[in-house]
Amino acid sequence: MTEQPFEARPGFSSHAASDHAGRPSHDLAEAFVALVDRASERIEQAKAPGKSLDRLATLTRKAPLTCLAVAFLVGIVTTRRR
């Protein structure tokens with residue numbers, strides 16, 4: 001995925017972006033877009049054949065009820081108060 005400047009993204013005009021340059025909300029929006037781009041890239045890498053998300057998808061197709069039970073138990077364990 002190629003990195004586009006903030007102004008070149010759909011829905012953002014260069015005029016509007018220049019009006020907000022230097023504002024904390026503009027900086028936050030740019031940081032958020034960069035974060036989402038990096039996360040999307042990492043997810044795509046993990047979906048490659050033989051990687052973790054590919055194996056998880058295969059396992060889920062083979063045993064959906066078992067995976068649902070495991071996900072439910074992990075949810076209980078992580079939300080349980082001590």
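Leu 59 has a relative accessibility of 46% and therefore counts as partly exposed. This residue is found in helix α3, and the model in which it is described is a predicted one. Helix α3, which covers residues 52-62, supplies three residues to the patch, the largest share.

The chain as a whole contains four helices and zero strands. In sequence order the pattern reads α-α-α-α. Of its 82 residues, 10% count as buried. The accessible surface amounts to about 7100 Å², and carbon and sulfur atoms account for 63% of that area.

Confidence in the prediction was examined for the chain and for its elements. The average pLDDT of the chain is 82, and a score of at least 70 is reached by 71% of the residues. Among the elements, the lowest mean pLDDT, 53, belongs to helix α1 (residues 14-19), while the highest, 94, belongs to α4. Where pLDDT is low, predicted coordinates should not be read in detail.

Helix α2 runs over residues 24-46 and has 23 residues. At 1.5 Å a residue, a helix of this length should span 33 Å; the end C-alpha atoms of α2 are 33 Å apart, so the two values agree. The buried residues of α2 are His 26, Val 33, Asp 37 and Ala 46. Each of these therefore has under 20% relative accessible area.

Helix α4 was treated in the same way. It comprises 16 residues, 64-79, and the distance from its first C-alpha to its last is 22 Å, close to the 22 Å expected at 1.5 Å a residue. Of the 16 residues of α4, one is buried, so the helix lies largely in the open.

Charged contacts were also considered. The structure holds one salt bridge, in which the side chain of Lys 47 meets that of Glu 44 at 3.8 Å, taken from N to O. The two partners fall into separate accessibility classes. Lys 47, at 46% relative accessibility, counts as partly exposed. Glu 44, at 51%, counts as exposed, because the class begins over 50%.

In summary, the predicted chain is made of four helices without strands, with 10% of its residues buried.

Notes: Residues numbered from 1 in each chain as written. Predicted model: local features only at pLDDT ≥ 70, side-chain atom pairs only at ≥ 80, totals over all residues. Heavy atoms only, no water. Helix = DSSP H or I, 4+ residues; strand = E, 2+ residues; numbered from the N terminus. Buried < 20%, exposed > 50% of the residue type's maximum accessible area, 1.4 Å probe, protein only. Areas by Shrake-Rupley, 256 points an atom, 1.4 Å probe, with all protein chains shown as cover. Expected span 1.5 Å × (residues − 1). Salt bridge = Lys/Arg side-chain N within 4 Å of Asp/Glu carboxyl O. pLDDT = per-residue confidence, 0-100.
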